[in-house]
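Me: I'd like a close look at a single part of this model, together with whatever it connects to. Could you walk me through it in plain words?

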Amino acid sequence: MEEKQIEEKETNRNVEVAPALIAVHPNQNSVAVAIGSDLRVYDLLGDCAVSLPDDSSPPFHKDSIRAIRYGANGKLFVSAGDDKVVKIWSAESWKCISAVCSEKRVSAVAISNDGQHVCFADKFGVVWVVDLRDINGNQAVVDKKAAPLLAHYCSIITSLEFSPDGQFIISADRDFKIRVTVFPKGPLDGAHEIQSFCLGHTEFVSCLDFVCTVDYPQGYLVSGSGDSTVRLWDIISGSLLDTCEVGAKVVSIKGENFVPTNLGSSSSSGLLWMVTGAANLPRFDHPSASRVKVISGFKKSSSPEAVEANVLEDDDIPGGVKMLEKLQGSASVEEKVFVTVAEAVKTAMCNLLIKKQYSVEKREFRKSTRNDKKIKQ
């Protein structure tokens, strides 16, 4: 009886809810949304939807996309997820220029500041690196192989980030750790020098980013966590500089149950892009749904009091309703959908990021039914 219950729970978890993701070009030339296996891109300069030519094998993603990212110079875009394929796109022609197979499902991606390397993390805690120095956007699709760079040893990596000067790669995991690793000149041989660990979070680390100032251009690391704190770090020493308790909504959206599943921004626009939504929703008429919102008022200012955040109306968002129709699938979505989305995403993220204690019997059953075993060639 117990084994049957275990099997039913594992079967239900085979189809995992996938939160909607959003990424914005560094100069806000375009914006991309991933919902399930569907990647949607809108060209804000040309005010039109983007088609995505993909001659790789297999074309397009066949399972939920878990990570999307623009490169710092805006020339590359990467998508990856549960189909164990990392796709590298030219963000100018929007052709898929390379496809990389992963041994495990992918949980995070990062692009080096010079655009010469793509790194991705799998759900076993290994970070891989792909060399792009022999690829250009005009040639046919190139199948590349990834080399192991570093590992967190059996802990799901939740976020990857390169430091602004490109000297370090920072990786965070669900076991509360942030690791700062020197990014080597020959990364295909592995990264063996650890600069520091940033330790202090008491729950999974969910996101990383850098804040740069005139006095400190190499930047301070900012991390968010399931412990409801945002923390500021010096990555050279691993020292914790400040902690902000997050206990309330910063910006409310009147009349809507809008809980963002992902955020994106460009370095020049002063706009914060948000998406809420999910795919693979259980027992629901809509298998996927997404909603995009934009907040203004985030331009650089010497005075924090001068920042006044405003939620833009749909017509005032860059690209307007036409853009929303492309990224959302429709111009409007019923509000009750997103109540279900919020609960489904919360449950899915708890299942993924909060570690569980299993009995010996359940542990053995999971081993026998896992679907990500290496396939012998």
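Reply: Start at the hairpin of S7 and S8: it has three residues between the strands, and Lys84 there takes a positive phi near 60°. A strand here is a DSSP run of E with at least two residues, a helix is a run of H or I with at least four, and both are numbered from the N terminus. Before going on, keep in mind that this is a predicted model, so local features need pLDDT of at least 70, side-chain atom pairs count only at pLDDT 80 or more, and totals for chains, interfaces and linings use all residues. Residues are numbered from 1 along each chain as its sequence is written, and side-chain values use heavy atoms, with hydrogens and water left out.

S7 covers residues 76–81 and S8 covers 85–90. The two pair in the antiparallel sense over five bridges; strands count as paired if DSSP finds at least two bridges between them.

The hairpin of S6 and S7 has five residues between the strands, and in it Gly74 takes a positive phi near 75°.

Now, how covered is S7? Six of its six residues are buried, where buried means under 20% relative accessible area, exposed means over 50%, and partly exposed is in between (1.4 Å probe, protein chains only). In a regular strand the side chains alternate between the two faces of the sheet. In S7, Leu76, Val78 and Ala80 are on one side, Phe77, Ser79 and Gly81 are on the other, and both faces are covered.

Next, look at the loop between S7 and S8, where you'll find Asp82. Asp82 is buried, with a relative accessible area of 9%. Its side chain meets that of Arg105 in a salt bridge (4.0 Å, N to O); the rule asks for a side-chain nitrogen of Lys or Arg within 4 Å of a carboxyl oxygen of Asp or Glu. Because Arg105 lies in the loop between S9 and S10, the pair ties together parts that are 23 residues apart in sequence.

Follow Arg105 onward and you reach Glu16: these two form a salt bridge as well, with the closest N and O atoms 3.6 Å apart. That pair links distant parts of the chain, 89 residues apart, with Glu16 in the loop between H1 and S1. Glu16 is partly exposed, with a relative accessible area of 23%.

Glu16 also forms a salt bridge with Arg66, the closest N and O atoms being 3.5 Å apart. Arg66 is buried, at a relative accessible area of 18%. Put together, Glu16, Arg66, Asp82 and Arg105 are linked in a network of salt bridges. For the whole model, the count comes to 12 salt bridges.

How much confidence goes with all this? The mean pLDDT of the chain is 84, and 81% of its residues reach 70 or more; pLDDT is the predictor's confidence in each residue, from 0 to 100. Over residues 1–13, though, the pLDDT is below 50.

Methods:
Contact = heavy atoms within 4.5 Å.
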